[in-house]
Amino acid sequence: KILVIGACGQIGVELTLALRKMYGDSNVVASDLREEHDLLKGTGPYVSLDVMNKEMLHVLVIRHNITQVYLLAAILSATGEKNPLLAWHINMQSLLNVLDIAKEENLDKIYWPSSIAVFGPNSPAAETPQHTIIEPTTIYGISKFAGERWCEYYNHRFGVDVRSLRYPGLISYKSAPGGGTTDYAIEIFHEAKEHKKYTSFLSENTYLPMMYMPDAIRATIELMEADASKIAVRSAYNLSAMSFSPKEIGAEIKKHIPEFTMAYEPDYRQQIADGWPNSIDDSLARQDWGWKPEYDLARMTEDMLRNI
Ligand code: VAH
């Protein structure tokens, strides 16, 4: 059985629903600190879980016959900068709890998301390669980079089949985002729809790697379904779909809402974004397990505006 930790978050809700569709509702146990998200209600088993409580997690894994864990609970980049030590503690201890139980209980597979936030201002900004200088400057990026090292260690040292993706900024409408720097690209759609205008907290030419949630969910499942022999990267695969700036996504929205206007008031998140890549080279994901994105900016914009 599969346990999803952080099932009420931006990724967790959609990943839980997709996993239930694939493996059967009762075979996917959803868990979170928060109370059950409306979209999950009635779709399968739900338990309240604090992933920081290793004993409670261990009991839950045994009681529910869990063989795979998807760990999505984390403090994201913008929120993390407000409380660095808490973000470090939560992002690291939750992963170490899961990795150690995976080893003790010989679990089949573990999924844990990394992020393009592992890269910093000294990494090449264009088509950032899988293996390059990695000097993260946010605590979120530091915790994701350290987490990648731990995943590779538990795989090489103890044979734990843990797999990971360096997600770009993810855009979706089903569940609220959790304090990310890229979340302007979600807010903009809601503001455009409700007020026909949006003030961006990133400057107009801030290019960032982005991906529509359906692509991210499919990439996660394709990675986890791939034969273990194909997974050559045991830190976290670079993953990419598109890159755009606030100006570009604004122009795309304007094609649908002609009276839409934008303003720019960069805040502390501008500095975070400036340290991240403009675009990502994900050729290893394409080569090793056949990754291929399906949503570009035009198709994502059309789908977002139709659904919110
Ligand atoms: C964040 N959405 O902004 C996340 C993601 C690459 C960005 O890691 O923190």
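Which residues are around the ligand? They are Leu76, Ser77, Ser115, Ile116, Tyr140, Tyr167, Pro168, Gly169, Gly180, Thr181, Thr182 and Trp276, where a residue is near a molecule or strand if one of its heavy atoms lies within 4 Å of it.

## About the model

This is a predicted model, in which local features need pLDDT of at least 70 and side-chain atom pairs count only at pLDDT 80 or more, while totals for chains, interfaces and linings use all residues. Residues are numbered from 1 along each chain as its sequence is written, and side-chain values use heavy atoms, with hydrogens and water left out.

## The ligand and its polar contacts

A polar side-chain atom of Tyr140 lies 2.8 Å from one of the ligand's oxygen atoms. The backbone takes part too: a polar backbone atom of Thr181 is 2.7 Å from an oxygen atom of the ligand. With Thr182, the side chain has an N or O atom 3.1 Å from a nitrogen atom of the ligand. On its own the ligand has 270 Å² of accessible area, and the protein covers 95% of that (Shrake-Rupley method with a 1.4 Å probe; for residues, only the protein chains shown count as cover).

A polar contact here is a pair of N or O atoms within 3.5 Å; within protein, one must be able to donate a hydrogen and the other to accept it, and residues adjacent in sequence count only if both atoms are side-chain atoms.

Three of them form an open sheet in the order 6-8-12, with parallel pairing. Strand 6 (114-115) and strand 12 (237-238) are the edge strands, each pairing on one side only. Strand 6 and strand 8 (residues 165-167) run parallel and are joined by two bridges. Across this pair, Ser115 stands opposite Tyr167 in strand 8, and both Ser115 and Tyr167 are among the residues around the ligand.

For the terms: two strands pair if DSSP finds at least two bridges between them. Helices (H or I, at least four residues) and strands (E, at least two) are DSSP runs, numbered from the N terminus. Strands of a sheet pair through backbone hydrogen bonds, either parallel or antiparallel.

## Strand 1, covered on both faces

Strand 1 (residues 2-5) has cover on both faces: Ile2 and Val4 are buried on one side, and Leu3 and Ile5 are buried on the other. Buried means under 20% relative accessible area, exposed over 50%, and partly exposed in between (1.4 Å probe, protein chains only). In a regular strand the side chains alternate between the two faces of the sheet.

The partner is strand 2 (residues 28-32), which pairs with strand 1 in the parallel sense over four bridges. Ile5 stands opposite Ser31 in strand 2.

## Buried polar residues and cysteines

Asn91 sits in helix 4 (residues 84-104) and counts as buried because its relative accessibility is 3%. Leaving out residues up to four places away in sequence, Asn91 touches Ala74, Ile75, Tyr140 and Ser143 (contact means heavy atoms within 4.5 Å).

Beyond residues up to four places away in sequence, Asp303 touches Tyr173 and Tyr212. As for cysteines, Cys8 is buried at 4% relative accessible area and Cys151 at 0%. A search of the whole structure finds zero disulfides, a disulfide being a pair of cysteine sulfur atoms within 2.5 Å.

## Two loop asparagines and a strand residue

Most residues other than glycine have a negative phi, and most peptide bonds are trans. Asn65 has a positive phi, near 50°; it lies in the loop between helix 2 (54-63) and strand 4 (68-71) and is exposed, with a relative accessible area of 55%. Asn106 also has a positive phi near 50°, in the loop between helix 4 and strand 5 (109-111), and counts as exposed at 64% relative accessibility.

Finally, Thr199 belongs to strand 10 (residues 197-200) and is partly exposed at 39% relative accessibility. Thr199 and Ala263 are 64 residues apart in sequence, yet their C-alpha atoms are 4.4 Å apart in space. Setting aside neighbours within four places in sequence, Thr199 is in contact with Ala263, Tyr264 and Glu265.
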